[in-house]
Amino acid sequence: MTALPEATTRKLGLVIDLDTCVGCHACVTACKGWNTENHGAPLGDADAYGAAPVGAFLNRIHSFEVQPDAGAAQTVHFPKSCLHCEDAPCVTVCPTGASYKRVEDGIVLVNETDCIGCGLCAWACPYGAREMDPLEGVMKKCTLCVDRIYNEELPEVDRVPACVRTCPAGARHFGDLGDPDSDVSKLVEARGGMDLMPEQGTKPVNKYLPPRARDQIDVLAPFLERVDEGPKGFLGWLDRALERL
């Protein structure tokens, strides 16, 4: 089996805010578009408009209804992609070394020319974050848009993963989670960011910010007029009419 490289202090990854994700799938569409046109082989689609469509996606959104111990039920939209684990089981099981973790930034990638499509990495991943491309016959996964984030031909504002750049709700954040002073690390600290399934021992780099109870926040409050506490009924109408005189 392939040995993991030594731990790196630079850990590029995503912070996903489950409180603000609206499940619009803009990140899914942007990811599909960018990764079909650029890094590696295109993400295949077969029978896209037929009775049994299949295709490869690097990012998917799952929606759940959650019932807290107290209060109303909540709908939580849960984006899922590769978490670029520090102790990535997909890397250790790969028989050809096609799956590897970069030392310089911690990104987990697949060398598609060495991938034989055996599927062992997909079985080893506890998050179900890898998909077999139905046309290419090789394994696909999130690359953190590695061909984009280092591309100096792009404006600096665009040197982030396509999903982050596209998210209309600002629910996706990108940065160095190995730097405690980075914006993403501060965000994780402030909001109590958490690992997905920490009991698996994979040490995922990506973090999730938990949803907050809806009765504790009022996101519309800054945009609403102040509640009228004046007279009601006829006296209220008379009072408002006199104010216009």
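Here are legends for a few close-up views of this predicted model.

**View 1. Lys-32 and its polar partners.** We're in helix H1, which covers residues 26-37 and carries Lys-32. With a relative accessibility of 13%, Lys-32 falls under the 20% cut-off, so this lysine counts as buried. Its side chain makes a polar contact of 3.1 Å with the side chain of Asp-45. Leaving aside residues up to four places away in sequence, Lys-32 touches Leu-43, Gly-44, Asp-45, Ala-56 and Phe-57.

**View 2. Charges over rings.** Lys-32 turns up again here, with its charged end over the ring of Phe-57, 4.1 Å from the ring centre. Another such arrangement involves Arg-148, whose charged end sits over the ring of Trp-34 at 4.7 Å from the centre.

**View 3. An aromatic pair.** Search the whole structure and you get one aromatic pair. The partners are Phe-78 and Tyr-208, stacked with 4.7 Å centre to centre and 15 degrees between the planes. This pair ties together distant parts of the chain, since Phe-78 belongs to strand S5 (residues 74-80) and Tyr-208 to strand S11 (residues 207-209), 130 residues apart. Phe-78 and Tyr-208 are both buried.

**View 4. Confidence along the chain.** The chain has a mean pLDDT of 87, with 86% of its residues at 70 or more. Residues 4-8 are another story: pLDDT is below 50 there, and the stretch has 10 contacts in the model beyond near neighbours in sequence.

Key: Residues are numbered from 1 along each chain as its sequence is written. This is a predicted model: local features need pLDDT of at least 70, side-chain atom pairs count only at pLDDT 80 or more; totals for chains, interfaces and linings use all residues. Side-chain values use heavy atoms; hydrogens and water are left out. Helices (H or I, at least four residues) and strands (E, at least two) are DSSP runs, numbered from the N terminus. Buried means under 20% relative accessible area, exposed over 50%, partly exposed in between (1.4 Å probe, protein chains only). A polar contact is a pair of N or O atoms within 3.5 Å; within protein, one must be able to donate a hydrogen and the other to accept it, and residues adjacent in sequence count only if both atoms are side-chain atoms. Contact means heavy atoms within 4.5 Å. pLDDT is the predictor's confidence in each residue, from 0 to 100. Rings of Phe, Tyr and Trp (its six-membered ring) pair if their centres lie within 6.5 Å; planes under 30 degrees apart count as stacked, over 60 as edge-to-face and the rest as tilted. A charge sits over a ring if NZ of Lys or CZ of Arg is within 6 Å of the ring centre and within 35 degrees of the ring normal.
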